[in-house]
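Hi everyone, thanks for making time this morning. Let me put the sequence and the structure up on the screen, and then I'll walk you through a few places I'd like you to look at.

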Number of protein chains: 2
Amino acid sequence: MAAWSSSPSLRHLLLLRPCLPLRPACLTGSFTGRHRLFSASSSTLTHGDAASTHADADGIVDVNPPRGTRDFPPEDMRLRTWLFDQFREVSRLMAFEEVDFPVLESEALFIRKAGEEITQQLYNFEDKGGRRVVLRPEITPSLARLVIKQGKSVSLPLKWFTIGQCWRYERMTRGRRREHYQWNMDIFGVPKVRAEAELIQAIVLLFQRLGITSSDVGIRVSSRKVLQAVLNMYSIPEHLFTEVCVIVDKLGKMTREEIEKELISTGLSSEAVQGIIDVLSLKSLVKLEEVLGSGVEAVADLKKLFSFADQYGYTDWICFDASVVRGLAYYTGIVFEAFDREGKLRAICGGGRYDRLLSTFGSEDIPACGFGFGDAVIVELLKEKDLLPDMSRQIDDIVFPLDEELEGPASSIASSLRKKGRSVDLVEDKRLKWVFKHAERINASRLILVGNSEWERGMVRVKVLSTREEFEVKAGELE
Amino acid sequence: MAAWSSSPSLRHLLLLRPCLPLRPACLTGSFTGRHRLFSASSSTLTHGDAASTHADADGIVDVNPPRGTRDFPPEDMRLRTWLFDQFREVSRLMAFEEVDFPVLESEALFIRKAGEEITQQLYNFEDKGGRRVVLRPEITPSLARLVIKQGKSVSLPLKWFTIGQCWRYERMTRGRRREHYQWNMDIFGVPKVRAEAELIQAIVLLFQRLGITSSDVGIRVSSRKVLQAVLNMYSIPEHLFTEVCVIVDKLGKMTREEIEKELISTGLSSEAVQGIIDVLSLKSLVKLEEVLGSGVEAVADLKKLFSFADQYGYTDWICFDASVVRGLAYYTGIVFEAFDREGKLRAICGGGRYDRLLSTFGSEDIPACGFGFGDAVIVELLKEKDLLPDMSRQIDDIVFPLDEELEGPASSIASSLRKKGRSVDLVEDKRLKWVFKHAERINASRLILVGNSEWERGMVRVKVLSTREEFEVKAGELE
């Protein structure tokens with residue numbers, strides 16, 4: 001048996017930088033759904049902070065990816081693929097179609113004046129042709145752009161989903177990430193609360209597939225029309241609506257006094273500010289109806305949504321909470337976010353209705369709603385609840401020639417098994433002991449040994465690794 | 001039956017820009033494998049050229065993605081997903097593990113001085129922190145970076161694949177694209193030609209899965225050691241090797257005279273230049289051996305590879321062609337590229353051995369080889385050969401309440417079918433005629449009608465669309 005003793009090995013490598021153990025933490029971090037997309041994280045991902053520049057003067061290249069970004073080595077990639085497969089499967093159940101967009105977009109698509117965090121942290125720059133471009137911070141504007149572009153070629157409603165990477169740039173980056181992946185589901189052309197009801201079913205179906213129960217998480221629901229009604233009560237001008245929404249969304253992050261000050265500075269009376277703050281504390285639809293009156297759309301929409309929840313069978317998962325506003329400027333109606341009931345994590349996902357986004361792009365409006373579901377908080381939650389599945393590698397066969405002369409037959413055998421659909425790792429120049437360990441490590445089903453004495457008779461030796469069964473078989477008859 | 005007559009429709013939309021029909025052309029375009037990644041294309045993709053800036057002065061946003069980039073509406077996305085699934089399936093058969101990297105990398109990773117097109121067209125810029133970053137033009141340097149970073153935690157050989165977007169920036173962009181997707185397979189830690197033999201099997205397996213035969217395409221193989229041997233014959237200094245490779249790779253694109261001039265300008269004698277050009281015209285291994293002598297590595301490696309081809313069973317697919325050099329600076333040994341035998345298209349994919357890349361990053365070298373396979377030329381070829389599969393949408397059930405009052409039961413039925421794993425499109429506020437047309441368009445298997453007279457008895461009406469069979473069933477018994 002040929003042992004390849006002079007094989008180069010990573011063990012002998014001079015490492016340039018200490019290799020920080022970031023594997024199991026890969027998908028956790030600082031991102032959630034649409035709003036507060038990019039808020040600070042507790043723990044993970046500090047690599048990249050170690051090296052202040054990427055290339056040293058002596059030409060040694062930093063082995064870390066750019067600050068705030070992640071590599072996905074195989075273990076992390078398996079986790080990501082598994083999660084994305086869940087996103088895709090739920091999207092399939094809901095009969096949504098997958099779409100995609102360039103990660104690089106025109107900056108104009110994201111320029112909004114409401115003071116959102118997301119537009120203050122754009123990863124933007126000028127390209128060599130002098131165009132303002134941006135690594136997109138969110139996907140909704142691209143979706144809207146494509147809906148407009150498709151124009152007459154599609155019939156409404158549209159039900160689209162996408163999974164894509166989103167970026168932010170902010171200076172204080174200690175332990176925070178600059179990219180995450182986000183699953184988006186969006187419905188265009190349905191003005192009724194049915195659309196929100198469908199989206200929330202998708203989120204619940206996902207949780208259920210992941211083994212998460214309604215005791216683990218809930219979905220808080222409100223409507224921006226609640227705030228609209230309050231603004232109407234105090235005769236506050238329409239153009240302040242978005243700004244007020246973006247300010248009161250910060251209630252969890254800033255003190256009540258700071259929020260009040262910001263609201264006052266937009267020109268609101270202290271009475272109106274008080275009215276707004278009071279309404280936001282409501283957690284009961286009955287109370288909301290008492291305060292706003294029964295005629296307002298906010299109450300009717302929310303009642304309808306809760307009635308749908310009952311029919312779909314996810315009442316346990318949702319609750320009314322007037323403090324939910326979400327941070328994106330363009331929401332106009334129902335807004336929602338999923339949260340862990342222990343209150344340890346930030347929002348798991350978030351979304352809402354945005355019926356007036358298309359007109360901000362100069363087009364005619366189409367009613368729309370959707371959500372964004374990040375790849376970070378959900379993985380933190382799954383870890384906490386010990387719900388991550390076994391992510392080990394799995395292959396069908398290892399083919400191993402016991403002698404260098406048998407590399408020919410080994411090639412034919414591996415080739416033919418692959419043509420039959422089996423995943424085959426062809427191993428050479430190793431000791432048998434290494435091969436056995438390797439087989440265990442990669443969960444191989446079978447080990448196929450090509451040895452001289454068997455091959456003289458056209459046979460190979462097969463070991464079934466789960467049963468330790470061992471037998472000889474004609475090479476041509478291997479299945 | 002409730003008809004939602006006031007529904008907003010895209011038909012009434014004021015379109016901002018003419019909607020160019022770019023659907024079927026989406027995956028075609030100007031990219032191939034590793035080398036000549038970004039060469040000019042014949043036809044497709046001209047959208048984005050129409051609008052010189054992305055946002056007009058009046059706030060109307062351009063509905064096209066940034067110049068040279070693509071949206072993937074559902075039809076295009078299905079094609080892309082299908083193609084990527086083929087890449088993934090072949091990678092699985094070959095027992096490769098999937099990895100991924102940030103699309104944004106440090107510029108230092110791609111700075112090479114050999115005059116490659118790929119490094120002259122970097123989509124690079126300075127981030128807000130003053131770091132030089134780049135939308136990666138290729139993936140190999142990221143792979144190498146991760147191999148170094150992983151260090152002791154992995155044992156060689158490593159067999160990794162990835163599918164990712166790559167970017168270039170060049171000014172003369174008429175009809176050329178600035179991004180494409182690329183499938184990469186790479187083996188680290190195998191110094192023998194076995195690695196190349198495995199990679200070529202992967203390419204052949206892919207072609208076979210796609211229905212492409214060895215009469216449609218071939219794989220040209222050579223080795224940079226051929227050029228190395230010629231340089232040695234003329235005692236040309238070692239440091240000119242890479243530069244010479246990059247120059248002679250342009251033989252297809254530039255005239256022979258231009259190439260000769262460039263070679264002379266590096267300091268080569270006209271005798272040596274003649275020797276190089278002569279060797280590059282060889283198409284027979286026997287001839288090559290005559291010219292170089294039998295002792296040289298180039299000949300031994302190539303003979304070995306052809307013997308492997310025989311054992312794997314893909315001799316029909318490969319041929320020796322000394323003119324294959326590939327354009328990337330870092331190749332050191334065997335190089336190969338797949339081509340269409342009609343000679344209409346550019347290279348379908350390309351790759352080779354790069355045993356000395358890691359040391360350019362300041363690390364210890366590990367023998368490595370790999371290939372890049374773009375998403376453009378292969379789709380052009382599949383179209384030409386009429387091999388693209390049916391890409392239409394397919395869903396299981398449409399649930400349609402015939403009356404608005406029945407939205408509750410419709411919700412429960414849709415919800416319960418989805419929990420059973422069926423993809424369900426819940427349709428409302430449409431005429432029955434529209435629903436039938438819709439069912440046809442999306443290839444629904446069944447139409448489930450929730451009507452008053454049936455529902456009073458707890459029943460729904462089911463139409464199986466393929467057989468036109470129609471029956472009533474208890475709602476709770478729907479499977």
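Let's begin in chain B, at Pro157(B), which sits in the loop between α3 (140-150) and β5 (158-167). Helices here are DSSP runs of H or I with at least four residues, strands are runs of E with at least two, and both are numbered from the N terminus. Pro157(A) lies in the loop between α3 (140-150) and β5 (158-167) of chain A.

Before I go on, the ground rules. This is a predicted model, in which local features need pLDDT of at least 70 and side-chain atom pairs count only at pLDDT 80 or more, while totals for chains, interfaces and linings use all residues. Residues are numbered from 1 along each chain as its sequence is written, chains are lettered from A and ligands numbered from 1 in the order in which they are written, and side-chain values use heavy atoms, with hydrogens and water left out.

Staying with the backbone for a moment: most residues other than glycine have a negative phi, and most peptide bonds are trans. With that in mind, have a look at Ser235(A), where phi is positive, near 50°. Ser235(A) is in the loop between α5 (224-233) and α6 (241-248) of chain A. Is Ser235(A) buried or exposed? It counts as exposed, because its relative accessibility is 63%; the cut-offs are under 20% relative accessible area for buried, over 50% for exposed, and partly exposed in between, with a 1.4 Å probe and protein chains only. In chain B, Asp386(B) also has a positive phi, about 55°, without being a glycine. You'll find Asp386(B) in the loop between α12 (377-384) and β12 (395-401), and it is exposed, with a relative accessible area of 68%.

Contact means heavy atoms within 4.5 Å, and among the chain A contacts between residues at least 6 apart in sequence, 69% join residues at least 24 apart.

How many disulfides are there over all chains? The count is zero, a disulfide being a pair of cysteine sulfur atoms within 2.5 Å. For Cys245(A), the nearest cysteine sulfur is that of Cys369(A), 16 Å away. Cys245(A) itself is buried, at 0% relative accessibility. For Cys319(A), the nearest is the sulfur of Cys349(A), 13 Å away, and Cys319(A) is partly exposed at 27%.

On to the interface. Here 126 residues of chain A are in contact with 126 residues of chain B. The size of an interface is often given as the accessible area lost when the parts come together. For chains A and B, the buried area is about 10,700 Å², with carbon and sulfur atoms giving 55% of it; that is the accessible area (1.4 Å probe) the two parts lose on being put together, summed over both.

Between the two chains there are 24 salt bridges, each a side-chain nitrogen of Lys or Arg within 4 Å of a carboxyl oxygen of Asp or Glu. One of them pairs Arg145(A) with Asp71(B), whose closest N and O atoms are 2.7 Å apart. Which element gives the largest share of the side of chain A that touches chain B? That is helix α1 (residues 74-93) of chain A, with eight residues.

Val435(B) is in helix α14 (residues 432-441), and its relative accessible area is 0%. Leaving aside neighbours within four places in sequence, Val435(B) is in contact with Ile398(B), Phe400(B), Val427(B), Lys430(B) and Leu447(B).

The other is Glu116(B), in the loop between β2 (104-106) and α2 (117-120), which counts as buried at 1% relative accessibility. Not counting residues up to four places away, Glu116(B) touches Val246(B), Gly327(B), Leu328(B) and Ala329(B). A polar atom of the Glu116(B) side chain lies 2.7 Å from the backbone nitrogen of Ala329(B).

That's my tour, and I'm happy to take questions.

Technical notes
Polar contact = N/O pair within 3.5 Å; in protein donor to acceptor, adjacent residues only side chain to side chain.
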